[in-house]
Amino acid sequence: MAVLQDYLQLAMGVKMKTIGNVIVGQSGGPTAVINSSLAGVYETAKKKGAVKVFGMVNGIQGLLEENYVDLEEQFTSNLDIELLKRTPSSFLGSCRYKLPNPWDKAEVYEKLFEILNKLEVEYFFYIGGNDSMDTIKKLSEYAASIHSSIRFMGVPKTIDNDLEGTDHTPGFGSAAKFIGAVMKETIVDSLVYDLKSVTIVEIMGRNAGWLTGAAALSKTKECAGPDFIYLPEVPFSIDDFNSKVIELQKKKKSIVVAVSEGICLKDGQLVCELSDRVEYQDQFGHCMLSGAAKYLANQLSAKYGIKTRSIELNTLQRSASHLTSLVDITEAYNAGGAAVNAAILGETGKMVILKRASLAPYVCVTDTYDIQKIANLEKKVPRKWINEEGTYVTEEFMDYIKPLIQGELVPFMADGIPMHITMKR
Ligand code: F6P
């Protein structure tokens, strides 16, 4: 209806009603489709008549230093928008900045609102995960306390898929597709020699095992899939792991295992902490998780004298924009657009969520959800979607994940390499 109205207004030469200025930022770890949400916010805001759409450079942290760009100067053609959808990382740059509580440091909020008022911003959008939703929560609460009319909306993103309230998060489907694909290639490669070997692949996701479970997508008619999958939802035992691997190796020489970066022992100690690594913590108190696969592979080799390899997928799984899921990239765009529409209709202090309206055929719609019930929380893989032994995901998990990885967005290539867009400064 709104589209028809816009069309009629244009056709009749009626000047479109404008809406106030918009600002959008990206925050937290990137995904391969976070820029598609940026495209969704930008194009919808422009279509709805926003005069200015600003982009925060490096999220709220950059905004505090008045670091922003006018997005109309960044995206001058449809090709720019199409390239944006195919560009990994966060186009605007990101941050892991925790806003203080307003009662501890009111001056931070006073400064932010001064900047927003100077830019005549009426709508504020933040594309991020659970920590970034903490920013939307605090800003919308503060806005209410000072009777500001600026509306604050969250747009979900995270490869971890651990946001409450939403069926899944934009970014997860593409990371899952990449993991399924490279896992399959790794398994095929591991069979090349007639030799005993163990390959351990480490997958991101912090305390939630959604992404690690995606390793099971490699199981197809021509590939057996990984032999074991270890999620952080189930306490990990090194002795049990070793004996399972050694037992299975009596029947098959090449073993491939997927482990989450966040697997923990019964007493809560992270397996990656046992490895030789340097500690790094962000402002939200999250330490960088890395080294579990290396530790497990090394101790297997040392104890049993077998050939092992560890592969840490690391940032590859969130930056592989050459292999995104079309479903995911479309939903990411729609989530951005839905946030703009909801804010124009008066919503604030909410996050857009994705709802599975139908299973077969898969249909997904958007809605909004109270930010208070999302910020700082983590949604884990239900225990019933992991087998009893804690070594694989179930068919229900597969039914949930498969629709999210369907279709591809073909990259634009130049000289044999995918093309991207970068910020003009
Ligand atoms: O939050 C998403 C995520 O990619 C996690 O899976 C991972 O543990 C973390 O970010 C890594 O963050 P960073 O890039 O800041 O080290």
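Hi everyone, let's start at the ligand: a polar side-chain atom of Glu261 sits 2.6 Å from one of the ligand's oxygen atoms. Before going on, this is a predicted model, where local features need pLDDT of at least 70, side-chain atom pairs count only at pLDDT 80 or more, and totals for chains, interfaces and linings use all residues. Residues are numbered from 1 along each chain as its sequence is written, and side-chain values use heavy atoms, leaving out hydrogens and water.

Back to the ligand. Asp160 also places a polar side-chain atom 2.6 Å from a ligand oxygen, while Gly205 has a polar backbone atom 3.1 Å from a ligand oxygen. What surrounds the ligand? Arg96, Ile159, Asp160, Met204, Gly205, Arg206, Glu261 and Arg318 do, with a heavy atom within 4 Å as the cut-off.

Now to the helices, which here are DSSP runs of H or I, at least four residues, numbered from the N terminus. The axes of helix 6 (residues 106-118) and helix 7 (residues 130-145) come within 11 Å and cross at roughly 80°; axes are lines fitted to C-alpha atoms over the stretch in contact, with angles running from 0 to 180 degrees between N-to-C directions. So helix 6 is roughly perpendicular to helix 7, a term covering 65 to 115 degrees. Tyr109, Glu110, Leu112 and Phe113 of helix 6 meet Lys138, Leu139, Tyr142 and Ala143 of helix 7, contact being heavy atoms within 4.5 Å.

Last pair: the axes of helix 10 (residues 238-248) and helix 11 (residues 292-304) also come within 11 Å, crossing at roughly 65°. Among the residues meeting there are Phe241 from helix 10 and Tyr295 from helix 11.

Methods: Helix = DSSP H or I, 4+ residues; strand = E, 2+ residues; numbered from the N terminus. Parallel < 35°, antiparallel > 145°, perpendicular 65-115°, else oblique. Polar contact = N/O pair within 3.5 Å; in protein donor to acceptor, adjacent residues only side chain to side chain.
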